[in-house]
Amino acid sequence: MPNTFDNILIGLVVLTWLMWRQLQVRRADRPPVVLLVISALGVASLGVAIAKTAPTTAAILLLIGSFVVAGGFGVARGYTMRIWRADGTLWRQGNWRTAVLWLVSFGVHLGLDFAIDAANEAKGLGGASILLYLAVSLVTQRLTVRSRAHDALRKTSNAA
């Protein structure tokens, strides 16, 4: 299992890549390939860490709380995305607020990582959850964007 520094570094690389992608104009209805890959890697990383650390109840509760926080940030970012329709295709693009929320979210997660590790005898559980944290955040963001896109489509079809 990578150490906490390695997990943070991997998380920062993935975060930078995600932020760059989200600031680009992209189709809103793309298949969730990236999300599935990050989710699988996150579950595997956290699963290995849980098997090796025998987490305390406090650490598990903090971990669950971190995923709730991730979901909240995902919803908030979903509302920062510009969504529009062109040539029959739905498009989306993030902006500076999207990027700021990603950075704040990652910072909050780092703080929670240290709290999780402080509540657990064996260290590394918090850092091992970074990819899954990003995946949970992406899922809720994606669901929010899709919901907003469907609402926009409904409104435009009712107006016609």
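1. Arg27 forms a salt bridge with Asp29, and the closest N and O atoms are 2.9 Å apart. The term stands for a side-chain nitrogen of Lys or Arg within 4 Å of a carboxyl oxygen of Asp or Glu. A search of the whole structure finds one salt bridge. Arg27 is partly exposed, at a relative accessible area of 39%, and Asp29 also counts as partly exposed, at 39% relative accessibility. For these classes, buried means under 20% relative accessible area, exposed means over 50%, and partly exposed lies in between (1.4 Å probe, protein chains only).

2. On the basis of the note: this is a predicted model, in which local features need pLDDT of at least 70 and side-chain atom pairs count only at pLDDT 80 or more, while totals for chains, interfaces and linings use all residues. Residues are numbered from 1 along each chain as its sequence is written, and side-chain values use heavy atoms, with hydrogens and water left out.

3. The secondary structure comes to six helices and three strands, and along the sequence the protein follows the pattern α-β-α-α-β-β-α-α-α. Helices (H or I, at least four residues) and strands (E, at least two) are DSSP runs, numbered from the N terminus. Taken along the principal axes, the C-alpha atoms fill a box of roughly 60 × 25 × 25 Å. Buried residues make up 41% of the 160 residues. With contact meaning heavy atoms within 4.5 Å, 81% of the contacts between residues at least 6 apart in sequence join residues at least 24 apart.

4. The three strands form an open sheet in the order 1-3-2, with antiparallel pairing, and its edge strands, each pairing on one side only, are strand 1 (26-27) and strand 2. Two strands are taken to pair if DSSP finds at least two bridges between them. Strand 1 and strand 3 pair in the antiparallel sense over two bridges, and Arg27, already named for its salt bridge with Asp29, stands opposite Trp91 in strand 3.

5. Strand 2 (residues 82-86) and strand 3 (residues 89-93) run antiparallel and are joined by five bridges; Ile83 has Arg92 in strand 3 as its bridge partner. These two strands form a hairpin with two residues between them. Asp87, in the loop between strand 2 and strand 3, has a positive phi near 55° although it is a residue other than glycine, and Asp87 is exposed, with a relative accessible area of 82%.

6. Ala54 also deserves a look: it is not a glycine, yet has a positive phi of about 45°. Ala54 is found in the loop between helix 2 and helix 3, and at 62% relative accessibility Ala54 counts as exposed.

7. The largest nonpolar core has 27 residues, of which Ile38, Trp102 and Leu134 touch the most other members. Such a core is a set of buried Ala, Val, Leu, Ile, Met, Phe, Trp, Tyr and Cys residues joined through side-chain atoms within 4.5 Å. The elements that give two or more residues to this core are helix 1 (4-22), helix 2 (33-53), helix 3 (57-78), helix 4 (96-118), helix 5 (125-128) and helix 6 (130-159); helix 6 supplies the largest share, seven residues.

8. Leaving aside residues up to four places away in sequence, Trp102 touches Leu15, Leu18, Met19, Gln22, Arg77, Leu134, Ser137, Leu138 and Gln141. Gln22, in helix 1, counts as buried at 5% relative accessibility. Under that sequence limit, the residues touched by Gln22 include Arg77, Met81, Arg92, Thr98 and Trp102. Gln22 and Thr98 are 76 residues apart in sequence and 8.0 Å apart in space, C-alpha to C-alpha.

9. On the surface, Trp96, Val100, Val104 and Val108 form a nonpolar patch with about 370 Å² of accessible area together. Patches are made of residues with over 30% relative accessible area and no salt bridge, like charges being joined within 9 Å and nonpolar side chains (Val, Leu, Ile, Met, Phe, Trp, Tyr) within 5 Å. Val104 lies in helix 4 and is partly exposed, with a relative accessible area of 41%. The protein exposes about 8300 Å², of which carbon and sulfur atoms supply 69%; accessible areas come from the Shrake-Rupley method with a 1.4 Å probe, and for residues only the protein chains shown count as cover.
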